[in-house]
Amino acid sequence: MRVLILLPPSEGKTPPCSGPRLDLSSLLAADRLTATRREVMDQLARVSSAADATAVLGLGPRSSADAALNLVLDEAPCAPAHELYTGVLYAAANLGGAGAPGGAEALSRHVVILSGLWGAVRATDRLPDHRLAMGASLPGCGRLGTFWKERLPAVLGPIAEEAGLVVDARSSTYAAAWQPDRSWGGELLRIRAVRLRQGRRQVVSHHAKHVRGLLAGELIALRADGRAPSTASGVAEVGAGLAGVADAELSAPDRSGRRDLTLVMA
């Protein structure tokens with residue numbers, strides 16, 4: 001059994017100054033998803049060139065000019081996804097710091113990132129800078145969460161089946177794009193995070209991203225060393241040992257094998 005870690009993308013990105021151009025044939029499940037990705041890219045380009053691109057893509061005033069990035073996806077330089085994404089979760093995970101000999105292989109085999117534009121990619125797949133959230137809706141595609149929900153089971157189902165244990169560090173928007181089939185015999189471990197404030201638990205999205213990143217980074221570092229846990233209880237032990245985590249609570253599995261790991265931050 002091996003672990004599969006599911007991550008969301010990041011709004012925060014550090015675009016590369018140089019690098020290869022986009023090669024759709026090199027991305028995860030290219031045989032199944034290349035035509036679909038091209039369809040989304042084409043619709044995104046049409047939206048991004050329109051006067052109402054900011055509103056359609058849900059971009060704020062500070063990022064409204066970023067719609068232009070979606071017009072040059074084929075020409076822009078690319079970087080591995082785990083280097084392109086640099087938001088709170090990825091800063092905490094420090095996936096580029098998996099310096100053990102098996103670090104790159106661990107990232108390639110054990111981390112899948114859900115994406116509104118690409119569907120699902122490996123952490124090592126090379127991508128250009130772009131702006132498209134899973135919650136957006138495109139002409140011809142509709143809401144992307146629903147669009148990808150119909151197309152990802154054939155890709156992610158077999159990967160999850162092989163792994164046996166899926167650690168889900170996605171936000172709810174991205175989690176809705178794919179869930180294991182109810183007949184799946186493995187375990188899905190959803191990562192929750194709460195913070196103690198005056199004896200009360202509060203869900204704070206910023207801290208949730210941070211602690212999910214810490215857990216993902218530690219699991220990948222352990223996998224690179226050949227020491228990663230392959231059970232939910234083992235992942236809970238790793239979570240309990242993270243900096244700033246006061247407790248780790250593992251729920252019982254529901255009928256479909258889903259469990260919650262709640263990391264309580266002090």
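Predicted model: local features only at pLDDT ≥ 70, side-chain atom pairs only at ≥ 80, totals over all residues.
Reader: Which residues of helix 1 are buried, and what covers them?

Author: Helix 1 spans residues 30-48, and its buried residues are Ala-30, Leu-33, Thr-36, Arg-37, Val-40, Met-41, Gln-43, Leu-44, Val-47 and Ser-48. The cover over these buried residues includes helix 2 (53-57), strand 4 (119-122), strand 6 (137-138), helix 6 (144-149) and helix 7 (153-163).

Reader: How is helix 5 oriented to helix 9, and which residues make the contact?

Author: The axes of helix 5 (residues 103-110) and helix 9 (residues 205-224) come within 8 Å and cross at roughly 120 degrees. Because angles of 65 to 115 degrees count as roughly perpendicular and those over 145 as roughly antiparallel, helix 5 is oblique to helix 9. Helix 5 passes helix 9 in a right-handed crossing, and the contact is made by Gly-103, Ala-106, Leu-107 and His-110 of helix 5 together with Ile-220, Arg-223 and Ala-224 of helix 9.

Reader: Which parts of the chain does the salt bridge of Arg-190 and Asp-260 link?

Author: The side chains of Arg-190 and Asp-260 meet in a salt bridge at 2.9 Å, N to O. The two residues are 70 residues apart, and the pair links distant parts of the chain, namely strand 9 (residues 187-197), which holds Arg-190, and strand 12 (residues 258-265), which holds Asp-260.

Reader: Which strands hold Arg-201 and Glu-249?

Author: Arg-201 and Glu-249 meet through their side chains in a salt bridge of 2.5 Å, N to O. This pair also links distant parts of the chain, 48 residues apart, with Arg-201 in strand 10 (residues 200-202) and Glu-249 in strand 11 (residues 245-250).

Reader: How accessible is Arg-227, which meets Asp-225 in a salt bridge?

Author: The side chains of Asp-225 and Arg-227 meet at 3.4 Å, N to O. Asp-225 is partly exposed at a relative accessible area of 45%, whereas Arg-227 is exposed, with a relative accessible area of 54%.

Reader: How many salt bridges does a search of the whole structure find?

Author: Besides the pairs discussed above, Asp-66, Asp-129 and Arg-131 are linked in a network of salt bridges. A search of the whole structure finds a total of 12.

Reader: Where does Asn-94, which has a positive phi, lie?

Author: Asn-94 is not a glycine, yet its phi is about 50 degrees, and its relative accessibility of 49% makes it partly exposed. Ala-29, another residue other than glycine, has a positive phi near 55 degrees, but Ala-29 is buried at 15% and is found in the loop between strand 1 (2-7) and helix 1. Asn-94 lies in the loop between helix 4 (88-93) and helix 5.

Definitions and conventions: Residues numbered from 1 in each chain as written. Heavy atoms only, no water. Buried < 20%, exposed > 50% of the residue type's maximum accessible area, 1.4 Å probe, protein only. Helix = DSSP H or I, 4+ residues; strand = E, 2+ residues; numbered from the N terminus. Contact = heavy atoms within 4.5 Å. Salt bridge = Lys/Arg side-chain N within 4 Å of Asp/Glu carboxyl O. Axes fitted to C-alpha atoms, helices over the stretch in contact; angles between N-to-C directions. Parallel < 35°, antiparallel > 145°, perpendicular 65-115°, else oblique. Left-handed = near helix turned anticlockwise from the far one by under 90°.
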